[in-house]
Amino acid sequence: MKAQINGITLGYSDQGKGTPLVFLHAFPFNRTMWAAQEEDLSDAFRIITVDMRGHGESEAPFWRYSLEQYASDVTALLRHLRIDNAVFIGLSMGGYLSFTLYRLYPEFVLGFVLADTRAEADNPEQGKWRFELARRAAAQGPSAVVADMLPKLLSHQAYERRPDLVEQVKSIQEAATVPGILGDLRAMAERPDSTDMLRSIRVPTLVLVGEEDVLTPRADAERITAGIPEAILETIPDAGHMSNMERPETFNKAVRRFAAGIDRR
Ligand code: MLT
């Protein structure tokens, strides 16, 4: 489905009935990374998946990329769908976006699932890496991102035994646009540190992390859990950074149990 939001076309899907669960994708993915969640969880919940600007079926303008802009896009889409509040499930960049949503639009948030993400801002080394990756992606396109990131996204078992999954992850990354990649990299590089706001997050929160996540390891998830008063942490065994794609059964079970316990306002 498509909607005109903030002057551009956004791609999204909306399936099922019940408490709305809004899924926010990682960098440089699109909403198809949530296919297994959509299929499984739409029997009991209203599942919304969104393509951030620059990705999937959303338009890829050359400018106006920031986490604040993405938060505005997502909440404007929810208003368009007449959804007042929702549980947000963000993985990695989707988690950074979740913190931004809470900073700017807390009234929309019934609860969070923060998966394979971190609260800290970039350190100087990460900032430098993003700038260099943006330069390479501007010259070579998404293959620069695939070359850099694909070896870090899954568990070692997946690289050995699941070529189909490796191929799926690769092809989603390859579909990213250059404006989307550069926009995300700059948006993430400029994001503020969210550590201090953790204690102000007063909604039920489930923190998930793949046991073998090397990009946002378990220690990052532990710090989020320690900071948010109502947070609980679950580790997904035999999974790397893209834990929802690698272990959908475990991921979905955790989300289902958590979301079933959330009261709608
Ligand atoms: C992601 O998976 O969204 C990215 O790895 C996040 C990041 O680069 O910090």
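**View 1. Arg 82 sits in the loop between helix H2 and strand S5.** In this predicted model, helix H2 covers residues 67-80 and strand S5 covers 86-91, with Arg 82 in the loop that joins them. Take a look at the backbone here: Arg 82 has a positive phi of about 55°, although it is not a glycine.

**View 2. Helices H2 and H3 pack at an angle of about 75°.** Their axes are 9 Å apart. Angles from 65 to 115 degrees count as roughly perpendicular, so H2 is roughly perpendicular to H3. Which residues of H2 meet H3? They are Leu 67, Glu 68, Tyr 70, Ala 71, Val 74 and Thr 75. On the H3 side, you can find Tyr 96, Leu 97, Thr 100, Leu 101 and Leu 104. Sorted by class, this contact holds eight nonpolar, two polar and one charged residues.

**View 3. Helices H4 and H8 cross at roughly 170°.** H4 spans residues 124-140 and H8 spans residues 178-189, and their axes come within 10 Å. The two helices are therefore roughly antiparallel to each other. H4 brings Arg 130, Leu 133, Ala 134, Ala 137 and Ala 138 to the contact. From H8 come Val 178, Ile 181, Leu 182, Leu 185, Met 188 and Ala 189. By class, there are 10 nonpolar residues, no polar ones and one charged residue in this contact.

View 4. To find Pro 28, look in the loop between strand S3 (20-24) and helix H1 (35-41).

**View 5. A shell of residues surrounds the ligand.** Among them are Ala 26, Phe 27, Ser 92, Met 93, Tyr 96 and Trp 129. Arg 130, Met 149, Met 188, Leu 215 and His 241 also belong to the surroundings of the ligand. By class, the shell divides into eight nonpolar, two polar and one charged residues.

**View 6. Phe 27, Tyr 96 and His 241 each place an atom by a ligand oxygen.** For Phe 27, a backbone N or O atom lies 2.8 Å from an oxygen atom of the ligand. Tyr 96 uses a polar side-chain atom, 2.6 Å from a ligand oxygen. In His 241, a side-chain N or O atom is 2.8 Å from an oxygen atom of the ligand. How much of the ligand's accessible area does the protein cover? The protein covers 96% of the 270 Å² that the ligand has on its own. Helices H3 (93-104) and H4 are the elements that give two or more residues to the shell.

Terms used. Residues numbered from 1 in each chain as written. Predicted model: local features only at pLDDT ≥ 70, side-chain atom pairs only at ≥ 80, totals over all residues. Heavy atoms only, no water. Axes fitted to C-alpha atoms, helices over the stretch in contact; angles between N-to-C directions. Helix = DSSP H or I, 4+ residues; strand = E, 2+ residues; numbered from the N terminus. Parallel < 35°, antiparallel > 145°, perpendicular 65-115°, else oblique. Contact = heavy atoms within 4.5 Å. Nonpolar A, V, L, I, M, F, W, Y, C, P; charged D, E, K, R; others polar. Near = heavy atom within 4 Å. Polar contact = N/O pair within 3.5 Å; in protein donor to acceptor, adjacent residues only side chain to side chain. Areas by Shrake-Rupley, 256 points an atom, 1.4 Å probe, with all protein chains shown as cover.
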